[in-house]
Amino acid sequence: MEDYFVAEKTAIKPSPKRLHKECDEDIWILFKGNKAVLFITQGGYRFPRLGDIKRINIEISNIQCIGELKGLNIMCGEVENEIENSEIAYMDLMAIANMGNEFMYTLASKGSLFLNWLKLNKHCGVCGAKNHIKDSYTERALVCPKCGNITWPRTSPAVIVAVTKEDKLLLVYNKQFPERKYSVIAGFVEYGETFEECVKREVYEETGIRVKNIRYFGSQPWPFPNSMMVGFTAEYMEGELRPDGEEILFAGWFSKDEVRQKYRESFSIGSKLIEWFLNNY
Ligand SMILES: [Zn+2]
């Protein structure tokens with residue numbers, strides 16, 4: 001019953017419509033406001049199944065298939081009615097991320113990204129008419145019935161970068177994220193900018209130093225609300241650390257031992273970058 005938690009992420013295929021015949025085992029990623037609806041199990045939590053939805057009468061709008069797994073549809077939608085049920089817990093995406101189950105988090109993220117996209121694009125950006133979900137098995141899009149304008153899901157890229165200087169790593173203290181304490185540098189890509197240019201600019205703006213040898217590391221969807229973290233490593237080139245004082249309150253070079261004390265393991269790409277430093281320096 002719970003084996004989808006250990007399945008490969010690549011087994012999820014995007015499709016706007018159901019890929020398989022509807023069945024009571026189909027997995028439903030449901031949100032009520034910004035919180036996912038989860039069933040409490042002995043060992044933790046699970047997503048609702050279609051059978052649960054029928055059993056306790058959950059009313060759902062904005063339904064779409066967001067993938068398939070081992071012959072089951074993975075559906076998502078928004079809960080319309082109030083559910084009073086002791087089997088159910090409500091949890092936002094960050095809380096799900098903090099549970100440490102990457103697969104569960106990935107599915108919840110996909111549902112959240114989809115519902116957020118609908119919410120922000122109820123109306124056509126050209127003429128203001130009400131958008132409809134495109135009737136298609138292959139394309140996820142919203143269509144304006146009046147002027148034909150098509151709105152596809154949009155992702156806002158951001159870079160995240162581990163900067164090294166000899167055997168030390170640059171960590172910063174960001175005012176916006178007090179709970180994270182120290183982290184590597186991250187920032188949104190500007191119009192018309194390459195990822196590498198963004199790495200150089202963000203590092204310079206936030207800390208006053210210049211970097212070289214920028215190398216791609218990996219990427220991770222960041223659904224808060226619709227971003228994509230593109231990870232890089234880079235080496236110090238020149239300059240003195242001079243935190244901007246606005247976003248970054250402190251910036252410093254840390255040895256492996258010092259980094260270990262400040263680092264909290266998670267499946268975020270920021271943690272993966274820090275692990276890369278710990279394993280390679
Ligand atoms: Zn229109």
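Q: What makes the charged end of Arg210 count as sitting over the ring of Tyr204?
A: A charge sits over a ring if NZ of Lys or CZ of Arg is within 6 Å of the ring centre and within 35 degrees of the ring normal. The charged end of Arg210 sits over the ring of Tyr204 at 3.6 Å from its centre, and Arg242 lies over the face of Tyr204 too, at 5.9 Å from the ring centre. The model is a predicted one, in which local features need pLDDT of at least 70 and side-chain atom pairs count only at pLDDT 80 or more, while totals for chains, interfaces and linings use all residues. Residues are numbered from 1 along each chain as its sequence is written, and side-chain values use heavy atoms, with hydrogens and water left out.

Q: Why is the pair of Tyr173 and Tyr182 called tilted?
A: Rings of Phe, Tyr and Trp (its six-membered ring) pair if their centres lie within 6.5 Å, and planes under 30 degrees apart count as stacked, over 60 as edge-to-face and the rest as tilted. By this rule the count comes to 12 aromatic pairs. One of them joins Tyr173 and Tyr182, 5.8 Å centre to centre with 55° between the planes, and is therefore tilted.

Q: What makes the pair of Tyr182 and Phe254 edge-to-face?
A: The angle between the planes of Tyr182 and Phe254 is 65°, with 5.6 Å centre to centre, so the pair falls in the edge-to-face class. Because Tyr182 lies in strand 12 (residues 182-183) and Phe254 in strand 16, the pair ties together parts that are 72 residues apart in sequence; helices (H or I, at least four residues) and strands (E, at least two) are DSSP runs, numbered from the N terminus.

Q: Why is Phe254 called buried?
A: Buried means under 20% relative accessible area, exposed over 50%, and partly exposed in between (1.4 Å probe, protein chains only). Phe254 has a relative accessible area of 9% and is therefore buried, whereas Tyr182, at 24%, is partly exposed, and Tyr173, at 22%, also counts as partly exposed.

Q: How do you know that the span of helix 4 agrees with its number of residues?
A: The expected span of a helix is 1.5 Å times one less than its number of residues. The 13 residues of helix 4 (residues 195-207) should therefore span 18 Å, and its end C-alpha atoms are 18 Å apart, which agrees. Just after helix 4, Gly208 takes a positive phi of about 85°.
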